[in-house]
Amino acid sequence: MNLKNSYPAIVVGAGPAGSAAALTLAKNGIETLLIEKQREVGKDIFCAEGISVNTLNLTKNIFGIENPEKFIASKIDTLRIIAPDLDYFEVYKDDMSVVLERKIFDRTLAEKAAAAGAELSVSTKFLRAERDNGRIKIEVLKDGKVHEIFTDLLIGADGPGSAVATSLGLNMEVSEQDVHKCAQFLVYDEKIPSNRMDFLFSEKYSPTGYAWVFPKGRGLANLGVGVTVETNKDPMDYLKTIISEFYPNARIIGWLRGVVPVGGNLKKIYTDNLLVVGDAARLADPATGGGIATAIISGKIAGEVGAEAIKKDDLSEKFLKKYEKNYWNEIGLDYKISLILKDYLKNYTDERIIKLYRVLKKLFAGKNLQTLNLSELFFNSVKNSKEILSLLLGSGGDVVNSLRKVIF
Ligand SMILES: Cc1cc2nc3c(=O)[nH]c(=O)nc-3n(C[C@H](O)[C@H](O)[C@H](O)COP(=O)(O)OP(=O)(O)OC[C@H]3O[C@@H](n4cnc5c(N)ncnc54)[C@H](O)[C@@H]3O)c2cc1C
């Protein structure tokens, strides 16, 4: 299909964030172009593919998905937390999480955006953008040719290191502690149970981060490691050690490397005629690095505010600030709680992790989260309050400071 030379709204990147933004704009009657550089949406995925059932339900509601089974690889009811000394505990909950087939997931979301009326253009690479008389002019590469297209609202959903945000001068500075580099194998090992996610925290196997096993059923699993850029270490080396020590019979079906921006969201995620969403705005959860939920939520809110701005003919940064405000209203508390955990893990040592691990084990080991009620949690916390207090005070003030930020 030929591209027009002007659209009220253009979304760059058809990942979860971009599809949510394009869907919402289109549903609000805004003519929207959604461009994707890959020749097929979901072709190259960099992800361990785990989401909570809450996120799955949110996605179903936003996108109107009736048969999510087609993109669910496995259902998780058990979480195993493994300490540096390899002691572990488990918690249980029916309908806790799912591991996705993200290729199908991403494609389904883009299909829904297209079905809502967004014009999807694959094999279309965003090159650069500049301001032009109150609008934005972008250049894209398609069919070997550079096309100029004008728009009132540009949404950057182009993932980590966003070319869109860079092009329009948003501050992209990031601390090395706030970027995790990851390596992952897709493995086959018939011993891997299909209902349990494992998280391993250890200086030896995953310094400054964690290792994960997310099963995909039939003996398949995503097995990965993430470490911060500041370590100067290659996560692939740790992954190979884990495989040889714990899964010597695993067969490697595929591999990937990727980066996750954790907890260093852009200083500003909006400006005149521009909104930045998902990983492009570095909105992934600071503690876990999970970014699918925040991508979809930020995309949806950007779509809502963007549509309102276009209808009111006010694309000023003053109006678009509403996107940031609405986003933090929706996500704020979860994000702040994750920041507390991230702050605690800043000075990552086995000793520090074991302290936290022991407290969590006392509170949660063997519990069914479905039946664990607030009063039981409160009672257990009081019972273990000495340990919790010494953990908070022994954290060098980081955690106390973050708690203060959450409370006030
Ligand atoms: C190893 C690893 C494991 C992870 N595991 C999990 C997990 O288990 N659970 C979870 O919730 N999150 C996980 N994440 C994070 C998650 O993958 C991201 O947060 C999520 O994909 C963000 O969605 P997005 O739409 O913002 O960006 P993306 O999914 O990155 O989508 C961006 C899209 O923009 C396109 N694009 C980029 N540049 C251009 C351009 N110039 N022109 C046109 N199109 C362009 C890309 O091709 C892509 O389709 C993981 C990340 C990594 C690296």
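Me: Which residues are closest to the ligand?
Reply: Happy to start there: 33 residues surround the ligand, where near means a heavy atom within 4 Å of it. This is a predicted model, in which local features need pLDDT of at least 70, side-chain atom pairs count only at pLDDT 80 or more, and totals for chains, interfaces and linings use all residues. Residues are numbered from 1 along each chain as its sequence is written, and side-chain values use heavy atoms, with hydrogens and water left out. The closest residues are Glu36, Ala48, Gly50, Phe126 and Asp279.

Me: What area is buried between domain 2 and domain 3?
Reply: Good one! Buried area is the accessible area (1.4 Å probe) that two parts lose on being put together, summed over both. Carbon and sulfur atoms give 60% of it here, and the total is about 1,700 Å².

Me: Which residue meets Lys361 in a salt bridge?
Reply: A salt bridge needs a side-chain nitrogen of Lys or Arg within 4 Å of a carboxyl oxygen of Asp or Glu. The rule finds two across the interface of domain 2 and domain 3. At 2.8 Å, N to O, the side chain of Lys361 meets that of Asp87.
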